[in-house]
Structures are given as structure tokens and as C-alpha cells.
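Visitor: I have a model open and want to learn how to read it. Where do we begin?

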Amino acid sequence: MIVSQILKSKAAPGVLTLASDASVKEAANIMSDKRVGTVVISDDDGSTAAGILSERDIVRELGKRGAECMSDKVSALMTTSLVTCTPSDSSESVLTQMTEGRFRHMPVLEGGRMIGLISIGDVVKARLAELAMERDALEGMVMGH
């Protein structure tokens, strides 16, 4: 399965973004309201990603400094060295990158423009569906169907 197929299967299309001058508190509120683990930081309405901010980034800073970090700008906490993929990348390669890099979200770029965001959950769900189809096909062959 490839990334473009995973994006098509997602319930909510698009990417949740926030400007780099937003506060960490705003980001936490949005993540809580939308029940997501990350927000992409973009200063051009989602065309490009300047960074990504996750729940883990916020919790780490809370552990270091306490609640005062909630008034910081997201640009102070976001990860700026993003690992991205393209719509034609395989689910296996994306899963490998996420596992080795120990991150759970990856922006999808096409022609330098951000067209989506996939999570490790999206990739695992797609991979499980693919394996179930393969199993069914093999069972059908064995049973003569």
C-alpha cells in the first residue's frame, strides 16, 4: 500500500495547522478539542510545514519548566527537522522511518507542498487491512475459490 491510498482512507482530510506565533496553550487546546496528538506549524495556511508540535513536546517542557511554558510560542517547542514522505512512498518505508526515528506523525509532500499528514496509527491500520486482504486471497486459493 502507498501513502496516497492511506490519505484517501482517512476520515478527516487535510492537515490541522497553527501559526508559529500561536501559544503552546492554544496548541494544547486545539489538540485536546480535536483529539489529536500533533499539530503542524505553518505560517502560510498549510502549504508548507515550518515544524511540528506534539503532545510529547509539550509534556517534556511541562516537566522541565512547569506551566509557564504554556505561554511560550509554539515555535520555541516545535520540531523543525521534519521527516516527510511523498504520496508514492510505501507504507512499509514510512513505518520503518517512523519506528527508527521514534516519531508518530509525518507530513506528506507533493511538489514541495504539504498535502496531508499521516500517523503511525494510519499506517498500521492500512497495513493490517492489507494483510487481511492477503490472508483472504490465500484462503480462497487454498479452498479453490
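Guide: Begin with burial. Buried means under 20% relative accessible area, exposed means over 50%, and partly exposed lies in between (1.4 Å probe, protein chains only). This is a predicted model: local features need pLDDT of at least 70, side-chain atom pairs count only at pLDDT 80 or more, and totals for chains, interfaces and linings use all residues. Residues are numbered from 1 along each chain as its sequence is written, and side-chain values use heavy atoms, without hydrogens and water.

Visitor: Is Asp45 buried or exposed?

Guide: Asp45 is exposed, because its relative accessible area is 78%. Asp45 sits in the loop between β2 (38-41) and β3 (51-54). Strands here are DSSP E runs of at least two residues, numbered from the N terminus.

Visitor: How do strands pair?

Guide: Strands of a sheet pair through backbone hydrogen bonds, either parallel or antiparallel. Two strands count as paired if DSSP finds at least two bridges between them. Here β2 and β3 run antiparallel, joined by four bridges. Ile41 stands opposite Gly51 in β3. β1 and β2 run parallel, with two bridges. There, Thr17 has Val40 in β2 as its bridge partner.

Visitor: In what order do the three strands form the open sheet?

Guide: The order is β1-β2-β3, with mixed pairing. β1 (17-18) and β3 each have a single partner strand, so one side of each is left without a neighbour in the sheet.

Visitor: And the faces of a strand?

Guide: In a regular strand the side chains alternate between the two faces of the sheet. Both faces of β3 are covered. Gly51 and Leu53 are buried on one side, Ile52 and Ser54 on the other.
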